Amino acid sequence: MPKDGKPRGKMSSYAFFVQTCREEHKKKHPGEAVVFSEFSKKCSEKWKAMSGKEKLRFEDMAAKDKVRYNKEMATMPAGEKGGKRKRTKDPNAPKRNLSGFFFFCNEERGKVKAVNPSYGVGDIAKELGKRWEVCTNRAKFDSLAVKDKERYEREMAAYKAGGGGINGTASAAKKGKPAAKKAAAAEPEDDDDDEEEEEEEEEDESD
């Protein structure tokens with residue numbers, strides 16, 4: 001945990017993907033300077049072209065990092081956790097897709113609570129992480145994740161085609177931010193929004 005006592009922020013699947021690309025680039029081209037704007041653009045294009053199955057590796061990494069983050073947050077005094085303003089969500093927007101790890105958690109969370117009724121959110125997250133590490137049936141949950149990713153992409157395409165999110169891009173345009181530029185960056189940013197929704201769903205279940 002950082003010196004200030006606060007947990008390191010959780011990383012999205014896209015952030016892990018970019019980190020991996022950067023490390024691979026350094027190995028192939030040691031000492032070569034990286035032009036961030038060009039590198040970022042290439043990563044974004046490659047990410048958009050990847051299939052849901054190809055992204056599972058990074059979604060798994062993000063899911064594990066979220067367990068780490070939630071566990072560290074659970075150990076912090078309530079007064080030091082702070083908070084951030086939640087964004088207003090469109091109730092008509094498609095329900096975001098879940099990673100294989102979260103399908104696993106949905107199936108195992110009740111079992112963990114039944115065996116350990118005194119466990120708090122942090123303890124449950126830690127136990128789920130341990131069970132996932134030794135899970136021998138990951139293919140089942142990865143398959144569910146791929147199907148759910150496809151479902152989400154279909155529904156999101158229909159949502160956007162129907163004018164979903166227009167108010168958000170219009171507001172950005174008023175502030176001097178071109179809507180086209182915002183739309184171009186939408187794909188990578190979806191992961192962060194999705195993680196916030198997952199976190200809220202977990203908090204609701206723990207109440």
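Predicted model: local features only at pLDDT ≥ 70, side-chain atom pairs only at ≥ 80, totals over all residues.
Local features need pLDDT of at least 70 and side-chain atom pairs count only at pLDDT 80 or more, whereas totals for chains, interfaces and linings use all residues. Residues are numbered from 1 along each chain as its sequence is written, and side-chain values use heavy atoms, with hydrogens and water left out.

Two cavities of 30 Å³ or more were found in the whole structure (a cavity being a set of points, on a 1 Å grid over the protein atoms alone, where a 1.4 Å probe fits but cannot get out; lining residues have an atom within 4 Å of a point). The second largest cavity holds about 30 Å³, a volume being the space filled by probe spheres set on the points, which are joined across faces, edges and corners. Its lining consists of L56, E59, D60, S99, G100, F101, W132 and D142. Helix α3 (52-74) contributes the largest share, three residues.

Salt bridges (a side-chain nitrogen of Lys or Arg within 4 Å of a carboxyl oxygen of Asp or Glu) number 13. One of them joins R8 and D65 at 3.3 Å, N to O. R8 lies in the segment before α1 (13-28) and D65 in helix α3, so this pair ties together parts 57 residues apart in sequence.

Within helix α6, R151 and E155 are four residues apart, about one helical turn, and their side chains meet at 3.0 Å, N to O.

Definitions and conventions: 1 Å grid on protein atoms, 1.4 Å probe; cavity = no way out; pocket = protein on both sides within 12 Å on 5 of 7 lines; lining within 4 Å. Helix = DSSP H or I, 4+ residues; strand = E, 2+ residues; numbered from the N terminus.
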